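Welcome, and thanks for taking a look at this one. Please have the viewer open beside the text while we walk through the fold together.

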Amino acid sequence: MIKNIAIIGGDLRIVKLASMLKKENYNVKTYALEKAHELVDTKTNNIKECVKDADIVLGPLPLSSTGEFVNTPFSEEKVQIEDLINEIGGKTFIAGSIKQEVYEMVEEKDITILDIIKREELAVLNAISTAEGAIQIAINETPKNLHGNNVLVLGFGRIGKVLSKMLDGIGARVACEARKTTDLAWIKAYGYEPINLIELKENLNRFDIIINTIPYVVLDKDMLEQVKEDALIIDLASAPGGVDKQAVKELGIKFNWALSLPGKVSPVTSAEFMKETLLNMFKEIDNN
């Protein structure tokens, strides 16, 4: 039964998650989180000490921004991913947005790697925080109410669905882009304006706000040239994003690449979502 948890690095979500796990009576040890004062009694001096008795090792979401070092915003320590992997043999390692290179590092090691970001329940719950964060940005960066404004959501996946519902709820005139005919049918059924990807270019100049959720470049220079001069574009997609960054800058269009919104706008709620997901994962691990 899982009782001992080692946590290496992470942002405010991880700090809050560690506190929540302590309240759930897990034995929590941390490393590279020394600036989080609420975790002072969990601090260890090195990775080896932190993971020694751990049943589970938790890393950040995302695990790394550089591909080499673990994300450690609450620490001055630089933790190399390879060093971490070398210390956690025989254990289960859970983190977020784990790159293929990390999986390759453990091929000949007795380590089980689980990417929490791939869990459907967390993805759905995080869509709520991401959508709220996008609306907050839209409110802060536009001079008009969202109510009555023409807003285009690119993509009708988890985030697109939740975001469209919230925008509709506050009175925006919502249009949604999709490729699949089934998605376009659902968009129409929900009462939004459906726009097929092949018709996107000719419709872009109608929108005051464009919010992208598609994780590949949809708005290239040719598309961006059709966007209104005073429009706002918000990109919620992870790298490389859905907007040509150089072109949007050259054209002078107002742009916000809003990454990792759950951790920025609602770290406590995001930590609660993570805890709920982790407890499900712990049950599955215990039952195997």
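## Two cis prolines

Let us begin with P240, which sits in the loop between β10 and α9 (245-250). The peptide bond that leads from A239 into P240 is cis, with omega near 10 degrees. Keep in mind that this is a predicted model.

There is another cis bond to look up, from L61 to P62, where omega is near -5 degrees. P62 belongs to the loop between β3 and α3 (81-87).

## A positive phi

While you are checking backbone torsions, have a look at A32. This residue is not a glycine, yet its phi is positive, at about 65 degrees. You will find A32 in the loop between β2 and α2 (47-51).

## The six-stranded sheet

Strand β10 also takes part in an open sheet of six strands, ordered β8-β7-β6-β9-β10-β11 and paired in parallel. At its edges are β8 (193-196) and β11 (254-257), each of which pairs on one side only. On average, neighbouring strands here are turned by 20 degrees against each other, ignoring direction.

Inside this sheet, β9 (residues 209-212) and β10 (residues 232-235) run parallel and share four bridges.

## The five-stranded sheet

A further open sheet is built from five strands in the order β2-β1-β3-β4-β5, and its pairing is parallel. Its edge strands, pairing on one side only, are β2 (27-31) and β5 (112-115). From one strand to the next, the twist averages 20 degrees.

Strands β3 (residues 56-58) and β4 (residues 92-95) lie parallel and are joined by three bridges. Across this pairing, L58 faces I94 in β4, the two standing opposite each other.

## Charged side chains

How many salt bridges does a search of the whole structure find? The count is 15. In general, side chains of opposite charge can pair when their charged atoms come close.

Which residues gather in a patch of negative charge on the surface? They are E101, E104, E107 and E108. Of these, E101 can be located in helix α4 (residues 100-105).

Terms used
Residues numbered from 1 in each chain as written. Predicted model: local features only at pLDDT ≥ 70, side-chain atom pairs only at ≥ 80, totals over all residues. Heavy atoms only, no water. Patch = residues over 30% accessible without salt bridge, like charges linked within 9 Å, V, L, I, M, F, W, Y side chains within 5 Å. Areas by Shrake-Rupley, 256 points an atom, 1.4 Å probe, with all protein chains shown as cover. Salt bridge = Lys/Arg side-chain N within 4 Å of Asp/Glu carboxyl O. Lys, Arg positive; Asp, Glu negative; His and termini not counted. Charge placed at Lys NZ, Arg CZ, Asp CG, Glu CD. Pairing = 2+ DSSP bridges. Axes fitted to C-alpha atoms, helices over the stretch in contact; angles between N-to-C directions.
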